[in-house]
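Colleague: I have just opened this one and would like to talk it through with you. Could you take me through the parts worth looking at?

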Amino acid sequence: MGAADNQQVPELGGADSYAVPGTNKFSSGKLTRLQVVDDEQRFSDELSAYMQQRWGLADAGFDYNVVAVFGSQSTGKSTLLNRLFGTRFDVMDEGQRQQTTRGIWADRGTDAMPVLILDVEGTDGRERGENQDFERKSALFSLAVAEVLLVNMWETMVGLYNGANMGLLKTVMEVNLQLFGGNQGNKTLLHFVIRDHVSSTPLANLSKTLRIDMDRIWAGLNKPEGLEDAKLGDYFDLKFSSLPHKVLQPENFEQAALALRSQFVDKKSREYVFQPEYKRRVPADGFPHYAEAVWEKVVSNKDLDLPTQQELLAQYRCDEIAAAALVPFRAAIDALRPRVREGEIVHGLGEVARTARSQALGAFDDQAARYHSEVYAKKRMAFVQTLDGELHALALNQVKNALSQAADKFSSESHKALEKAAESSDDSSFSVVVGAVRKRVAAWFGELVDSLTIEGAEWTLAPEVKQLETTLDAITAKLRVAEMERALKQLRRRAQDTLSEVVADRLNNPDDSMWSGVMAGFDAANKEAEQQLRRRMDMAEVYGGEQREKLQRALRSGVWEDMVRGLKEEVADQMVLLKLRSALEDRFRYDEAGLPRVWRPSDDIDAQFAQARSAAQALLPLFSRIDTSSSTTLPQPVSAGVGTFFSSGFDVERSLVLISASRQRELGKRFGREADALYLEAKRAMVTTQNHVPVWVMVLLVLLGWNEAMAILFNPLYLVLTALIAGSAFVLHNLRLWGPAVRAVGGLVNVANDHVHELLVEAVNRTDPGRNRDAPAEGRSRRQVRSEDIELEPLGDSSKDSSDLVSRSSSHSSHSMSRSSSKSQLHT
């Protein structure tokens, strides 16, 4: 009659796999679970065999424990047992919401745990509907045989009556007191496990609420005769634990589940749950018979049976009326739900919700009030909870959308307002600018929350309003930080603009006071920036001493870094060489009055050059390191200012070095070469001034050329020819055309020479007719030689190059022989 699942596990993580406690792994193998009671309320006859053969508990004697779970359907009861004890109960498919566990199943914990675990069908399932008969009987059976009953519930169920199964617990505890109340020596531990604990409500407060509910239930029980003064603690102990959300916080859930497992495993722990007072004193080999007897007693008990016919009719009709009233209510709400879920702020949502709720309650009251008053009151309360639950969820989504929009609106408008105040040089404080925006956003959010409030509803949106304040505080803190960062950037930019002019001016005119001038500019720019920063901090309401000092140190460090960056740009290789060359030229090419030097043979150019070069080279060490000794702001030594004047960790010593020693040597060599070129240029200029014609040579030329000059002057032909030649030479000299003219004349001479040569050859051939036969060949040979002389030979063809070379050699030899023959004949 009982059903046992002995199938092989198909795959890891499947429905028949189980979680290994303390890990994220799954194990597979033959399943050992047994359906002790099926959904038809039949007790399995295989329990004894499983205790002996499958679970190995038959010989455990009294050294074993029994744990059962109780709770609503689809709340993760089987998942909890699998995580705590490594069992392999079926768990719900996360893709759909339906019943997974039917009846009562049993299995033994892994890792040789002598614990028998009972997985009980969940309550309030849609499959059984209003039929709570099996729910009552299975709960009573679990309460009777288990030492520890795990009451599994969501955090949102705490404080609810039906949602937390308090009504069912009351009935079960009342019947349990009637059936087994005489045995006060065996207590049961009710271990409440609160699932999906994600709110800020501490576990202590939730535990307090549950204790109050349990005390109220116990006080309302119809206790049997002789037990009227019995207390809850005489029969039950209460224990409370909570687990984070399994999907949203998987790592935290696993850690909390592992910690909860230790309460069932670690016997040395103070939280160990299997205490002697919870023992049923039933040996393991007799447990199957004991459990079956308890189940028969539970099934045969009439105190768990149906209520009166009037109450049944009232329950049935009230449920029907509530379902009918929910149809138009949900139609009105569902029309707006998608828009809210998409993040839209639906205006008029509160009015629609209030109207739909009022109409639904009116429809319910008009028809259900005529039935049994107690049933009507209970059903109305449950109906109101259903309505308010759906409206609360919708309102929360609307408020979350509003929170998101309020945060974005506050952030963007505050940024714009602060930028506008900064551009207009407005002295309004940070709190005034941001406070005005915050006031508008809070007013808008408050109006929206007020529009969602429903009179008579048990829920409130006060936590969301508080969350808005927390969110705006966090954004305000970020805005203040961003405002100060923007102020630092602006002040650094202004200081950099001022310092860049000072640095460029002082380094372009280097002298002994160069670094004094640079440091004076830094002191002035830093002082002005600090004054402006203090004013901006006052406006932003930054009053903390440490925070103000930190911002000032950051500003000083930034201004210093910007100045050093500008200095390094000024002492780049080309810039340094340009400055050194300029200094050399100022001392070598110009005199003390700033006039250009004209070197004469009597000047000591070597001494002047050596002096100018030494003075220029002396600037290189001056450029290589920043001298801060003249600063009135920087601490001395400057490295002592790290952490006080500069930010902590700032390497100020390294920033003082602008040109390393290796760069100095390289720049010195390059400058030496440029200086030598300048020296040689000056030498050539002086030699040029010395190369002039002596006076006595001019006098001698006049005396010796007197007659020729007179002949030219008094002869018109010579005079005109001389004037033409002199004029042409003047033009060629001024236009710098001597080179082209010489090449043109050379070309004409070559052409004339060739032409004359050809004429002479023809004349010789005419005087010697025997050579006429050779004349064409010679002409062809000469033309062939000329063509070959100007022919461009292709590259890469060695065979052709060789043949062309042989041909060219033969042509040149024939041409030479022809020319020598012609010349000999001409000579004859």
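Colleague: At what angle do helix α17 and helix α18 pack?

Modeller: In this predicted model, helix α17 (residues 573–588) packs against helix α18 (residues 605–617) at an angle of about 145°, and their axes are 8 Å apart. The crossing in which α17 passes α18 is right-handed.

Colleague: And which residues of α17 meet α18?

Modeller: From α17, the residues are Leu-580, Ala-583, Leu-584, Arg-587 and Phe-588, and they meet Ile-605, Gln-608, Phe-609, Ala-612, Arg-613, Ala-615 and Ala-616 in α18. Sorted by class, this contact of α17 with α18 has 9 nonpolar residues, 1 polar residue and 2 charged residues.

Colleague: Now the other pair, α1 and α8: what is the angle there, and how far apart are the axes?

Modeller: Helix α1 (residues 47–54) and helix α8 (residues 287–300) pack at about 150°, with 8 Å between their axes, and α1 and α8 are therefore roughly antiparallel to each other. As for handedness, α1 passes α8 in a right-handed crossing.

Colleague: Which residues meet in that contact of α1 with α8?

Modeller: On the α1 side there are Leu-47, Ser-48 and Met-51, which meet Phe-287, Pro-288 and Ala-291 in α8. The residues of that contact divide into 5 nonpolar and 1 polar, with no charged residue.

Colleague: Which residues other than glycine have a positive phi?

Modeller: Gln-41 is one of them, with phi near 65°, and it lies in the loop between β4 (34–37) and α1. Its relative accessible area is 24%, so Gln-41 counts as partly exposed. Asp-196 also has a positive phi, near 55°, and is placed in the loop between β9 (188–195) and α5 (203–219).

Colleague: What about Arg-317, which residues is it in contact with?

Modeller: Arg-317 is found in helix α9 (residues 309–334) and, leaving aside neighbours within four places in sequence, is in contact with Gln-367 and Tyr-371. The C-alpha atoms of Arg-317 and Tyr-371 are separated by 8.1 Å, although the two residues are 54 residues apart along the chain. With a relative accessibility of 22%, Arg-317 counts as partly exposed.

Colleague: Stepping back, how many helices and strands does the chain have?

Modeller: There are 27 helices and 10 strands in the chain, and 40% of its 828 residues count as buried. Of the contacts in the chain with a separation of 6 or more, 74% are between residues 24 or more positions apart.

Methods: Residues numbered from 1 in each chain as written. Predicted model: local features only at pLDDT ≥ 70, side-chain atom pairs only at ≥ 80, totals over all residues. Heavy atoms only, no water. Axes fitted to C-alpha atoms, helices over the stretch in contact; angles between N-to-C directions. Helix = DSSP H or I, 4+ residues; strand = E, 2+ residues; numbered from the N terminus. Parallel < 35°, antiparallel > 145°, perpendicular 65-115°, else oblique. Left-handed = near helix turned anticlockwise from the far one by under 90°. Contact = heavy atoms within 4.5 Å. Nonpolar A, V, L, I, M, F, W, Y, C, P; charged D, E, K, R; others polar. Buried < 20%, exposed > 50% of the residue type's maximum accessible area, 1.4 Å probe, protein only.
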